[in-house]
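Subject: Structure for your files

Hello,

Here is the structure we spoke about. My notes follow below it.

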Amino acid sequence: MNMEKKVYDFLIIGYGPAGISAALYALRSGHSVQIVGYDGGALAKAHLIENYYGLATPVSGKELLEIGKSQARQLGAEISEDEITDLFFDGNVFVASSKEKQYSGSVCILATGAARKKQPFVGLSKLEGHGVSYCAVCDAFFYRKKNVAVLGSGEYALHEASELKQVAASVTILTNGNELEFENTEGFIIENRKIESLLGNEKFEGIRFADNTENLYDGLFVAIGSASATDLARKAGAAFENAKLVLDENFQSSIPGLFAAGDCTGGTLQIAVAVAEGAKAALAANKFLRENLK
Ligand SMILES: Cc1cc2nc3c(=O)[nH]c(=O)nc-3n(C[C@H](O)[C@H](O)[C@H](O)COP(=O)(O)OP(=O)(O)OC[C@H]3O[C@@H](n4cnc5c(N)ncnc54)[C@H](O)[C@@H]3O)c2cc1C
């Protein structure tokens with residue numbers, strides 16, 4: 001794995017309105033900023049934006065996205081196109097990993113947008129904590145020498161499967177009929193069949209496929225799509241209450257220096273709100289750096 005040698009002041013995951021807004025406030029305070037994102041998020045899907053301040057002539061989400069990215073670049077931000085699958089805090093620095101690289105920052109702002117993964121099966125949330133998990137690094141320990149399955153087909157599923165492989169007896173990747181988005185060089189068992197339902201009432205027991213056959217597993221790790229802010233915060237060890245990431249009024253999590261902003265905080269899903277939360281988080285992070293690290 002390629003470790004980016006430089007430790008930036010700010011590591012920002014996501015280059016939508018929240019991430020870029022946070023970057024602008026960090027840069028204007030003289031901080032170095034690394035932004036990592038892999039697509040245009042919700043913003044790129046917006047056809048025309050007519051309700052954001054100053055846009056007398058409406059622009060498309062894609063145009064606004066590019067304007068934001070070039071504004072941050074002009075002020076000195078480093079922007080990398082990459083998908084983050086892991087985040088940890090070594091007590092000093094936040095380190096985010098993708099398949100090939102590691103990025104680090106003294107503070108980290110999660111601005112990954114609204115989680116795109118849908119709860120695909122009825123009862124899945126009921127079995128959460130009872131054989132269904134959303135974090136391999138947190139829960140792999142409980143599945144030592146057991147047979148586990150990972151639900152997903154992308155880079156994030158591969159990351160979670162690789163984590164589990166170190167302890168589990170077997171790891172099966174369940175694509176639920178989707179095409180595998182990575183090369184299976186690690187030799188995981190791949191199940192391409194469509195899933196009908198989960199087995200188990202009190203505790204997860206296995207999977208019933210659409211062809212009416214069943215496979216039994218000891219645990220299921222959900223890793224659909226990319227890692228969300230919730231997934232990354234959980235891996236870093238942040239506190240949750242009722243499955244919601246705990247944030248203070250400045251959008252700081254229980255880990256000092258780890259913030260979240262924008263759609264990923266679950267508030268009003270609008271550009272103006274994402275921009276405001278990004279600004280607020282960055283101002284608090286600026287203060288944190290001034291008081292703690294400089
Ligand atoms: C169809 C549509 C129309 C809309 N129209 C309007 C409108 O007219 N007015 C309005 O105010 N709002 C509108 N919105 C809402 C608005 O787009 C969002 O509120 C806003 O984009 C949220 O900004 P954000 O930065 O929080 O997230 P996003 O814009 O979703 O950006 C998220 C970023 O995080 C990155 N990311 C996510 N996961 C990872 C990962 N694991 N690793 C690396 N990067 C990651 C993504 O690649 C992306 O760069 C619309 C939304 C949609 C879908």
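The accessible surface of the protein comes to about 14200 Å², and carbon and sulfur atoms account for 49% of that. Accessible areas come from the Shrake-Rupley method with a 1.4 Å probe, and for residues only the protein chains shown count as cover.

Before the rest, some ground rules. This is a predicted model, in which local features need pLDDT of at least 70 and side-chain atom pairs count only at pLDDT 80 or more, while totals for chains, interfaces and linings use all residues. Residues are numbered from 1 along each chain as its sequence is written, and side-chain values use heavy atoms, with hydrogens and water left out.

Overall shape

The C-alpha trace spans about 55 × 45 × 35 Å along its principal axes. Of the 294 residues, 51% are buried (under 20% relative accessible area; exposed is over 50% and partly exposed lies in between, with a 1.4 Å probe and protein chains only).

The protein has 6 helices and 17 strands. These are DSSP runs numbered from the N terminus, helices being H or I of at least four residues and strands E of at least two.

Strand β4 (residues 86-89) runs antiparallel to β5 and is joined to it by 4 bridges; two strands pair if DSSP finds at least two bridges between them. In this pairing Asp-86 stands opposite Ser-97. The hairpin of β4 and β5 has 4 residues between the strands, and Gly-91 there takes a positive phi near 95°.

Strand β6 (residues 101-110) is also antiparallel to β5, with 4 bridges between them.

Glu-205

Glu-205 lies in the loop between β11 (195-199) and β12 (206-209). Its relative accessible area is 46%, so Glu-205 is partly exposed. Leaving aside residues up to four places away in sequence, Glu-205 touches Leu-199, Gly-200, Leu-216 and Tyr-217, where contact means heavy atoms within 4.5 Å.

Regards
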